[in-house]
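Look at the sequence and the fold, then try each task before reading its solution.

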Amino acid sequence: MITISQLAADKLKDVLREEGQPEASLRIVVMPGHNGGVQYMLALEEQPSESDSVIHANGVTIVVDSDSVPLIEGAEIDYLEGLMRSGFVINNPNFQTEEGGCACGGQCSCGGH
């Protein structure tokens with residue numbers, strides 16, 4: 001359903017350690033936005049609910065609520081480091097932007113471009 005690059009997994013592990021929650025999961029919620037785009041809410045979560053989809057990849061756990069699953073199918077999480085901005089980027093084939101990037105429909109709140 002979702003893949004995560006090794007760099008993104010390593011950065012997530014760093015975040016989990018810094019937050020004192022090394023066993024937590026990354027929760028992703030997809031929220032349809034204006035003009036056909038989407039926004040992503042990323043949060044740390046200790047315990048997923050029974051209705052969540054749980055993905056284990058590259059040593060981390062990703063949790064997706066049942067409403068978001070069809071909207072994020074096939075997405076890839078990566079981490080980009082730049083001079084002006086660094087952060088997690090979600091490349092989602094279900095929502096393409098004109099210039100690629102994180103497919104947030106121009107209102108990128110997922111830490112990317």
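**Exercise 1.** Find the salt-bridge partner of E45, and say which elements the pair joins.

Solution. E45 pairs with R27 in a salt bridge; their closest N and O atoms are 2.5 Å apart. E45 sits in strand β3 (residues 38-45) and R27 in strand β2 (residues 25-32), so the pair ties together parts 18 residues apart in sequence. A salt bridge here means a side-chain nitrogen of Lys or Arg within 4 Å of a carboxyl oxygen of Asp or Glu. Strands (E, at least two residues) and helices (H or I, at least four) are DSSP runs, numbered from the N terminus.

This is a predicted model: local features need pLDDT of at least 70, side-chain atom pairs count only at pLDDT 80 or more, and totals for chains, interfaces and linings use all residues. Residues are numbered from 1 along each chain as its sequence is written, and side-chain values use heavy atoms, with hydrogens and water left out.

**Exercise 2.** Is R27 buried or exposed? Then trace its bridge to D52.

Solution. R27 is buried, at 10% relative accessibility. (Buried is under 20% relative accessible area, exposed over 50%, partly exposed in between, with a 1.4 Å probe and protein chains only.) The R27 bridge to D52 has its closest N and O atoms 2.4 Å apart. D52 lies in the loop between β3 and β4 (53-57), 25 residues from R27. D52 is buried too, at 11%. Shared partners join R27, E45 and D52 into one network.

**Exercise 3.** How many salt bridges does the structure hold? Describe the one between E81 and K11.

Solution. The structure holds 4. In the E81–K11 bridge, the closest N and O atoms are 3.7 Å apart. E81 lies in the loop between β6 (75-80) and β7 (87-91), and K11 in helix α1 (residues 6-18), so parts 70 residues apart in sequence are tied together. E81 is exposed at 56%; K11 is partly exposed at 23%.
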